[in-house]
Amino acid sequence: MAPGRHLKGGIAPPQKTIAIIPAGGAGRRMAAGQAKQYIRLRGRPILAHTLQAFEDSRLIDEIILVVPETDVPRVRRNIVDAFDFKKVTAVIPGGRERQDSVRNGLGSVGDDCRVVVVHDGVRPFPSFGLIRRVVEEARRGRAAVAGVLASDTVKRADPDGIVLETLDRQELWLIQTPQAFPVAMLKEAYRRACDENYYGTDDASLVERAGYPVVIIPGDSRNIKITTREDLALAEHIPAPVRRRSGRS
């Protein structure tokens, strides 16, 4: 039954899963003369690879793309229209920080949404299975993030570089995106953060701060975020997820 259709005694609960893709970085560390999300990877902008993963996932109903305000017209023309991304329902201006951009994206989420997935615009290789697993957790009412266990020894040091302790890496996770949330939970977390002028390091940190538990879904070392030239060189050798035309993913 479609979202919003009437049932006996009321209206069906919202069912849509909407992806918010913040892509507002300036790419200073890349030093490529343009924002990193527009750099070509295998003949396509990095952002186009990212959007393709969510376009092809059958669990994603809509995509809200957030980019720098001055880039909105050319992103619509050169990426959304050029690569025929039909699920992109809005291209909206971002804010000063990533958190501001995601908040702008949340403002475009309608009442028919059940789950919001947030994913970095320059993380082009999320697998379909990973998208599915975080979405399924959020549909059960829990916040879910992708992450990989730390593989190196991790030490805590003082400002002078003197080691204070060696941490147990079996308890340390490197958090990625996608991150998925029941929409009401994420909106409440963002409202509280905005009211208190608090900026976190990712979306899940706002949800944690609002008092909700967050579950980690084992991620993928290939799900890299491209921020440096070394990352770009590595990405050239990572196979893109196989495109799926059927099934639940």
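**A walk through the model**

Guide: Let's begin with a helix: α1, residues 46-56, is mostly covered, with 11 of its 11 residues buried. Keep in mind that this is a predicted model.

Visitor: Which residues are buried in α1?
Guide: The buried ones are I46, L47, A48, H49, T50, L51, Q52, A53, F54, E55 and D56.

Visitor: And which residues have the most contacts inside the largest nonpolar core?
Guide: Those are L51, F54 and L65, in a core of 33 residues. At least two residues of this core come from each of β3 (16-22), α1, β6 (62-67), α2 (72-81), β7 (88-93), β8 (113-118), α4 (128-139) and β9 (143-149).

Visitor: What is L51 in contact with, leaving aside its neighbours within four places in sequence?
Guide: L51 then touches I21, I63, L65, I79, F85 and V88. A separate core of 25 residues lies apart from the largest one, and I64, V102, V145 and V207 are among its members.

Visitor: Let me zoom out. How many helices and strands are there in the chain?
Guide: There are 7 helices and 13 strands. Of the 249 residues, 47% count as buried. Among contacts with a separation of 6 or more, 74% are between residues 24 or more positions apart.

Visitor: Where is I216 found, and why does I216 count as partly exposed?
Guide: I216 sits in strand β13, residues 214-218. I216 counts as partly exposed because its relative accessibility is 31%, and that class lies between the buried limit of 20% and the exposed limit of 50%.

Visitor: Back to helices. What span does α5 reach from its first C-alpha to its last?
Guide: Helix α5 (residues 183-195) has 13 residues and reaches 18 Å, close to the 18 Å expected at 1.5 Å a residue. Its buried residues are V183, M185, L186, E188, A189, Y190 and A193.

Visitor: What do the buried residues of α5 pack against?
Guide: Their packing partners are α3 (98-106), β8, β9, β12 (173-182) and α6 (203-209). After α5 comes N197, with a positive phi near 55 degrees.

Visitor: Switching to charges, how many salt bridges does the structure hold?
Guide: It holds 17. Take E137, which is buried at 12% relative accessible area. E137 forms a salt bridge with R140, where the closest N and O atoms are 3.1 Å apart, and meets R142 in another at 3.0 Å, N to O. R140 counts as exposed at 58%, whereas R142 is partly exposed at 42%.

Visitor: What about D220 and R222?
Guide: Their side chains meet in a salt bridge at 2.9 Å, N to O. D220 is buried at 16%, while R222 is partly exposed at 43%.

Visitor: Which residues do salt bridges that share partners join into one network?
Guide: That network is made of R98, D120, R123 and D203.

Note on methods: Residues numbered from 1 in each chain as written. Predicted model: local features only at pLDDT ≥ 70, side-chain atom pairs only at ≥ 80, totals over all residues. Heavy atoms only, no water. Helix = DSSP H or I, 4+ residues; strand = E, 2+ residues; numbered from the N terminus. Buried < 20%, exposed > 50% of the residue type's maximum accessible area, 1.4 Å probe, protein only. Core = buried A, V, L, I, M, F, W, Y, C linked by side-chain atoms within 4.5 Å. Contact = heavy atoms within 4.5 Å. Expected span 1.5 Å × (residues − 1). Salt bridge = Lys/Arg side-chain N within 4 Å of Asp/Glu carboxyl O.
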